[in-house]
Amino acid sequence: MDSSYFSDFYAEMRPGIARFIRARFPFDLAEDLANETMLTLWQKDVAAPTSEIAERQLRSFVYSIAIGHIRNAERKQAAEGRLTTALGEAKLLIRGDIGDPTYEAVLPDRVGSLIAELSFDDRQALNLMLAGFRTSDIAAILEVTPKAASMRLSRAKDRLRTKMAGEGVRGDG
């Protein structure tokens with residue numbers, strides 16, 4: 001699809017897509033999802049329609065993309081709800097070098113702010129781990145396989161280590 005056609009199509013379709021999404025989400029999130037929908041359409045590099053039927057099919061396709069983004073956002077909100085429920089009043093447990101499993105330490109503020117800069121998935125996995133959940137529990141909470149939870153944790157730790165190294169923050173393990 002050439003950029004001039006897409007610009008016109010975007011100007012015409014995006015407001016309707018945003019209204020469609022606003023039926024389920026707050027304004028800001030709906031606007032973001034509408035923009036993501038149109039970006040996804042652009043990335044798919046669909047051919048410009050050459051007939052009225054093809055135009056209707058393209059519009060239908062855009063709404064199906066929007067529905068996919070809506071479902072992803074709903075899953076993310078459900079996961080956040082499960083995370084909140086699972087954590088409840090849990091404390092952050094960080095095991096020290098003394099070998100005592102009841103040793104509790106305060107998470108340094110700088111490390112906490114570095115965690116806050118990570119992606120949602122990374123923050124979610126690390127927060128569950130820091131709250132003392134085992135990988136199998138994290139897998140159940142996130143509704144993924146234990147292997148996927150383990151990989152997610154490993155990647156999140158790697159990203160956090162990289163951020164810590166870039167900030168000159170030392171970490172033990």
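Colleague: Among contacts in the protein chain between residues at least 6 apart in sequence, what percentage join residues at least 24 apart?

Modeller: This is a predicted model, in which local features need pLDDT of at least 70 and side-chain atom pairs count only at pLDDT 80 or more, while totals for chains, interfaces and linings use all residues. Residues are numbered from 1 along each chain as its sequence is written, and side-chain values use heavy atoms, with hydrogens and water left out. A contact means heavy atoms within 4.5 Å. Counting contacts in the protein chain between residues at least 6 apart in sequence, the share that joins residues at least 24 apart is 63%.

Colleague: How many helices and how many strands are there in the protein chain?

Modeller: Both are DSSP runs numbered from the N terminus: helices are H or I with at least four residues, strands are E with at least two. From the N terminus on, the elements of the protein chain run α-α-α-α-α-α-α. The protein chain has 7 helices and 0 strands.

Colleague: What percentage of the residues of the protein chain count as buried?

Modeller: Buried means under 20% relative accessible area, exposed means over 50%, and partly exposed is in between, with a 1.4 Å probe and protein chains only. Of the 173 residues in the protein chain, the buried share is 29%.

Colleague: How many aromatic pairs are there?

Modeller: A pair of aromatic rings is described by the distance of the centres and the angle of the planes. Rings of Phe, Tyr and Trp (its six-membered ring) pair if their centres lie within 6.5 Å; planes under 30 degrees apart count as stacked, over 60 as edge-to-face and the rest as tilted. By this rule the number of aromatic pairs is 4.

Colleague: Why is the pair of F6 and Y10 given the class it has, and which class is that?

Modeller: F6 and Y10 both lie in helix α1 (residues 3–22), 4 residues apart, about one turn of the helix. F6 is buried at 11% relative accessibility, whereas Y10 is partly exposed at 30%. The ring centres of F6 and Y10 are 6.1 Å apart and the planes are at 40°, so the pair is tilted.

Colleague: Which residues do ring pairs link into a cluster?

Modeller: F6 also forms a tilted aromatic pair with W42, at 4.8 Å centre to centre and 55° between the planes. That pair links distant parts of the chain, as F6 is in helix α1 and W42 is in helix α2 (residues 27–44), 36 residues apart. W42 is partly exposed, with a relative accessible area of 37%. The cluster linked by ring pairs consists of F6, Y10 and W42.

Colleague: Leaving aside its neighbours within four places in sequence, which residues is E31 in contact with?

Modeller: E31 lies in helix α2. With a relative accessibility of 15%, E31 counts as buried. Leaving aside neighbours within four places in sequence, the contacts of E31 are R14, A18 and R22.

Colleague: Is D45 buried or exposed?

Modeller: D45 lies in the loop between α2 and α3. Its phi is positive, about 50°, although D45 is not a glycine. With 55% relative accessibility, D45 counts as exposed.

Colleague: Leaving aside its neighbours within four places in sequence, which residues is E74 in contact with?

Modeller: E74 is in helix α3 and is partly exposed, with a relative accessible area of 34%. R24 is 50 residues away from E74 along the chain, and their C-alpha atoms are separated by 9.2 Å. Neighbours within four places in sequence aside, E74 is in contact with R24 and F25.

Colleague: Which element gives the most to the lining of the second largest pocket?

Modeller: On a 1 Å grid over the protein atoms alone, a pocket is an open set of points where a 1.4 Å probe fits, with protein on both sides within 12 Å along at least five of seven lines, and lining residues have an atom within 4 Å of a point. The second largest pocket is lined by 12 residues, of which R75, K76, A79, F120 and D121 lie nearest its centre. The elements that give two or more residues to this lining are α3 (52–87) and α5 (120–130). The one that gives the most, with 5 residues, is α3.

Colleague: Over which ring does the charged end of K76 sit?

Modeller: A charge sits over a ring if NZ of Lys or CZ of Arg is within 6 Å of the ring centre and within 35 degrees of the ring normal. The charged end of K76 is 4.8 Å from the centre of the ring it sits over, that of F120.
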